[in-house]
Amino acid sequence: MTTKNLQIATIGGGCFWCTEAVFQEIKGVENVVSGYSGGKAPGRPTYREVCSGLTGDAEVVQVTFDANVISYDDILIIFMTTHDPTTLNRQGADRGTQYRSVIFYHNYKQKEIAETVIDELSKYYENPIVTELSEAVTFYEAEKEHQDFYKNNPEYGYCGFVIDPKLAKLRKLHSDKLK
């Protein structure tokens, strides 16, 4: 039996429901938790507060993955190619700093990898990549109703219009990484 090499990636690519749904389909991903990070307000923010844009938090997911199965590089490549990293504070109709594209690195190695991935992928985008790269700060788990949202609410309109196309893109671009 091989020992797992569990690591954490904290990323935000717009609505956390979308990012969560993408990473729940990836081999080597042990857990995905929707939450908030990057804000300046004291204490645990609520969904309503984050949506106001006043806390400075981004909707993010914390991905626990086995680096013996999938690399941090691959996590970031999947992340960067399943949302639009060239739109500032926006993903589709979702607008505001809470929907920014962001990578919160947990150590220097993750920062270096993120810089390399962003640099390498930038040549494939017409517009500049605006993904924020910041040191990881406190992660606040989102309310229960935001966890496993797509799995629990596949008939919800947003899921069909926004999440389903992202999952189709994932399956097309990264079929070799799916569970």
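Helix H3 passes helix H4 in a right-handed crossing, a crossing being right-handed if the near helix is turned clockwise from the far one by less than a right angle, and left-handed if anticlockwise. The contact (heavy atoms within 4.5 Å) is made by Tyr72, Asp73, Leu76, Ile77, Met80 and Thr81 of H3 together with Gln110, Ile113, Ala114, Val117, Ile118 and Leu121 of H4. By class, nine nonpolar, two polar and one charged residues take part in this contact, where Ala, Val, Leu, Ile, Met, Phe, Trp, Tyr, Cys and Pro count as nonpolar, Asp, Glu, Lys and Arg as charged, and the others, Gly among them, as polar. The model is a predicted one, in which local features need pLDDT of at least 70 and side-chain atom pairs count only at pLDDT 80 or more, whereas totals for chains, interfaces and linings use all residues. Residues are numbered from 1 along each chain as its sequence is written, and side-chain values use heavy atoms, with hydrogens and water left out.

A search of the whole structure finds one cavity of 30 Å³ or more, a cavity being a set of points on a 1 Å grid over the protein atoms alone where a 1.4 Å probe fits but cannot get out.

Key
1 Å grid on protein atoms, 1.4 Å probe; cavity = no way out; pocket = protein on both sides within 12 Å on 5 of 7 lines; lining within 4 Å. Points joined across faces, edges and corners; volume = space filled by probe spheres on them. Helix = DSSP H or I, 4+ residues; strand = E, 2+ residues; numbered from the N terminus.
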